[in-house]
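Me: Please take a close look at a single part of this model and describe it in one connected answer.

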Amino acid sequence: MPKVYIVIYTLYHHVYKMATAVKEGLEANGVDVQLFQVEETLSDEVLTKMNAPPKPNIPVIKIDQLTEADGIVFGLPTRFGIFPAQMKAFLDASGKLWATGALSGKFVATIFSTASQHGGQETTALNAVTYFAHHGMIYVPFGFANPAMFDTTEVVGGSAYGAGTITNGDGSRQPSEKELAIAKQQGETFAKLMTTYETGKT
């Protein structure tokens with residue numbers, strides 16, 4: 001059974017909610033899934049001033065644990081068109097894994113959240129791809145596999161690079177049913193790729 005780790009940073013739980021939908025899609029298709037968060041670098045005092053809720057009750061991942069998974073889905077909120085410092089600090093710590101080729105050949109995908117429709121979900125993906133390329137990982141974009149991605153009657157996050165949600169600047173907007181359905185489908189398609197690959201190897 002393939003093993004997939006979902007690795008997120010989440011401040012107001014938007015990415016966490018999207019990640020749980022991805023997890024549902026993965027598990028429904030026979031994949032062993034574990035959900036992790038990266039270490040927070042902001043102090044409790046700062047988090048309190050930002051009115052951030054308590055962190056989700058999921059483990060904090062260590063960089064070496066990435067080697068345990070066959071595939072990884074990164075949940076990336078956006079800060080000015082790139083992922084936040086907490087995720088960058090985590091990925092910057094992967095130098096030893098890069099030097100040894102420990103992540104080479106692993107499948108990887110991305111999901112996002114931004115405050116606005118034009119907040120940089122695609123540029124965040126493209127910035128993340130540079131890490132994946134250096135590690136020799138196989139990046140799996142979602143494409144436009146879900147018809148809701150063509151919907152122009154309402155706000156729908158996401159892009160060809162992966163599922164996404166729009167949060168509003170104050171975080172008041174929660175992931176919509178369509179956005180969660182896209183995230184679940186991304187988990188399903190990633191799972192099918194993983195299981196097909198594992199079957200082919202054996």
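Reply: The backbone oxygen of Asp 44 lies 2.8 Å from a polar side-chain atom of Thr 48, where a polar contact is a pair of N or O atoms within 3.5 Å, one able to donate a hydrogen and the other to accept it, with residues adjacent in sequence counted only if both atoms are side-chain atoms. This is a predicted model: local features need pLDDT of at least 70, side-chain atom pairs count only at pLDDT 80 or more, and totals for chains, interfaces and linings use all residues. Residues are numbered from 1 along each chain as its sequence is written, and side-chain values use heavy atoms, with hydrogens and water left out.

Thr 48 sits in helix α2, residues 44-49 (helices are DSSP runs of H or I with at least four residues, numbered from the N terminus). Thr 48 counts as exposed because its relative accessibility is 58% (exposed is over 50%, buried under 20%, partly exposed in between, with a 1.4 Å probe and protein chains only).

At 34% relative accessibility, Val 46 counts as partly exposed. Together with Tyr 12 and Met 50, Val 46 forms a nonpolar surface patch of about 220 Å² accessible area. Such patches join nonpolar side chains (Val, Leu, Ile, Met, Phe, Trp, Tyr) within 5 Å, from residues with over 30% relative accessible area and no salt bridge (a side-chain nitrogen of Lys or Arg within 4 Å of a carboxyl oxygen of Asp or Glu); areas come from the Shrake-Rupley method with a 1.4 Å probe.

Key
Helices (H or I, at least four residues) and strands (E, at least two) are DSSP runs, numbered from the N terminus. Patches are made of residues with over 30% relative accessible area and no salt bridge: like charges are joined within 9 Å, nonpolar side chains (Val, Leu, Ile, Met, Phe, Trp, Tyr) within 5 Å.
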